[in-house]
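Good morning, everyone. Please take a moment to look over the model before we walk through it together.

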Amino acid sequence: MHEVDEELREIKREIIESRGLVIKTNNLTNALSADIKSIAKRQQTYERRLTLNSATAYVVFVVVVLGALKFAWDARVDAIKVEIEQKAADNERLRKEAREILKRDEDRARAEVKAAQFFELIRQGKRAEVVEQWEAIKKEPLSKAETAAFTDAVEKAKNELALLQFQQAVDKARVQRWQEAATLFEESLKYKEDSSISSSVQLGLADAYRHLGRQRDAIPMLTHLSENAPDKEIQDDALHQLAFCQMDIQAWNDAKNTWRALLRRFPDSHFAPEGRLQLAQLNLMH
């Protein structure tokens, strides 16, 4: 009987332990189920996040690719625009050069015609026409040889015309046609102001001015000649005429100084006796 009780107690104990194990197993199963559910939820969240990240990465990749394509396209378009502009500039430059070449050819052809006409004037000895037309001709695109030849011809014509006008003026002055003489002297200076005879021309013009009552126009010219003329005889003549012009306008002190300068600088001049007489009279009367 005692053994039966022991076995029953043992059986009860085992049943209690079995129930405990079942309870623990249920608890573990529930915990495991909860963990599995938690893991499943985390997995779902991770998958959604991964999907979202993948979609974002894809969108970013697409945007980057499109941006790169846009940048490359814009660069290509800009390069093409620059090339087009460069080609247009080159075309415009070539057209401009072609127009300039055409214009130079036309100008040169016109210049050759005018040069031939001008040369014909030189050949015919029409000196006045040569001098008159030279200012227009030299603006044409002449060659260096043409310019040099024409320049020499014009200078020669100017010298010849200046000499011719001077000779005619001297003839007019000889017969005391002073206005005509003055005009011819002025024309001689217009043709060649720095010719070898320019001092003589200015002296003759001053003499004509004096006889025309234009002493104040003659005095600056005579003063310059008396100091700067290359020929001593012209300086002597200039002082002589200057003194009379100053006397004509009653510039007595200036006249005295001029006569003294003549006697001091040219004591052997054929004007010296007259100079001494005039100076003495001026000192006596003024």
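Is the crossing of helix 8 and helix 9 left-handed or right-handed? The crossing is left-handed, a word used when the near helix is turned anticlockwise from the far one by less than a right angle. Before going further, please note that this is a predicted model, in which local features need pLDDT of at least 70 and side-chain atom pairs count only at pLDDT 80 or more, while totals for chains, interfaces and linings use all residues. Residues are numbered from 1 along each chain as its sequence is written, and side-chain values use heavy atoms, with hydrogens and water left out.

Staying with this pair, helix 8 (residues 252-265) and helix 9 (residues 272-285) pack at an angle of about 150 degrees, and their axes, lines fitted to C-alpha atoms over the stretch in contact, are 9 Å apart. They are therefore roughly antiparallel, the term for angles over 145 degrees. Helices here are DSSP runs of H or I with at least four residues, numbered from the N terminus. Among the residues that meet, with heavy atoms within 4.5 Å, are Trp252 and Trp259 in helix 8 and Ala272 and Leu279 in helix 9.

Turning to the annotations, which may be inferred rather than shown by experiment, an unreviewed UniProt entry places a "transmembrane region" at residues 50-73, and that span is 100% helix, with its end C-alpha atoms 33 Å apart. The UniProt annotation "coiled-coil region", also from an unreviewed entry, covers residues 77-104, which are 100% helix with end C-alpha atoms 40 Å apart.

Technical notes. Helix = DSSP H or I, 4+ residues; strand = E, 2+ residues; numbered from the N terminus. Axes fitted to C-alpha atoms, helices over the stretch in contact; angles between N-to-C directions. Parallel < 35°, antiparallel > 145°, perpendicular 65-115°, else oblique.
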